[in-house]
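Trainee: I would like to go through the charged pairs and the surface of this chain. Please show me the model.

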Amino acid sequence: MACCAQGLEFVWGDGSHKYPDEYPAEDTEIEVQGTFKTYKEKDYDTTFCRLANVDMRVKE
């Protein structure tokens, strides 16, 4: 889905997973399911996007 290229933040579960130790290797195909959220930061007119509470699994 090219979420990184689109600037979509990814928060895996409760955000406690450590990168890179607990993440799949680069170029591993994964599937994610979560909640799409938007928010604004103070002093910015931009709306930011985040995929939160994500369940992730490695595709086989």
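Predicted model: local features only at pLDDT ≥ 70, side-chain atom pairs only at ≥ 80, totals over all residues.

Trainee: Is Glu29 buried or exposed?

Mentor: Residues are numbered from 1 along each chain as its sequence is written, and side-chain values use heavy atoms, with hydrogens and water left out. Buried means under 20% relative accessible area, exposed over 50%, and partly exposed in between (1.4 Å probe, protein chains only). With a relative accessible area of 54%, Glu29 is exposed.

Trainee: Which residue forms a salt bridge with Glu29?

Mentor: A salt bridge needs a side-chain nitrogen of Lys or Arg within 4 Å of a carboxyl oxygen of Asp or Glu. Here the closest N and O atoms are 3.7 Å apart. The partner of Glu29 is Lys59.

Trainee: How many residues apart in sequence are the parts that Glu29 and Lys59 tie together?

Mentor: Strands (E, at least two residues) are DSSP runs, numbered from the N terminus. Glu29 sits in the loop between S1 and strand S2 (30-40). Lys59 sits in the segment after S3, so the pair links parts whose separation in sequence is 30 residues.

Trainee: Which strands does the salt bridge of Arg50 and Glu9 tie together?

Mentor: The two side chains meet at 3.2 Å, N to O. Arg50 is in residues 47-58 and Glu9 in residues 8-12, so the pair ties together parts 41 residues apart in sequence: strands S3 and S1.

Trainee: What is the relative accessibility of Arg50, and what is that of Glu9?

Mentor: Arg50 counts as partly exposed, at 27%. Glu9 also counts as partly exposed, and its value is 30%.

Trainee: Where do Arg57 and Glu31 lie?

Mentor: Their side chains meet in a salt bridge at 2.9 Å, N to O. The pair ties together parts 26 residues apart in sequence, because Arg57 lies in strand S3 and Glu31 in strand S2.

Trainee: How many salt bridges does the count come to?

Mentor: Arg50 pairs with Glu9, and Glu29 with Lys59. Arg57 pairs with Glu31. By this rule the count is three.

Trainee: Which residues make the nonpolar surface patch?

Mentor: Patch residues have over 30% relative accessible area and no salt bridge; like charges are joined within 9 Å, nonpolar side chains (Val, Leu, Ile, Met, Phe, Trp, Tyr) within 5 Å. Ile30, in strand S2, is partly exposed at 34% relative accessibility. The patch covers about 210 Å² (Shrake-Rupley method, 1.4 Å probe). Its residues are Ile30, Val32 and Val58.

Note on methods:
Helix = DSSP H or I, 4+ residues; strand = E, 2+ residues; numbered from the N terminus.
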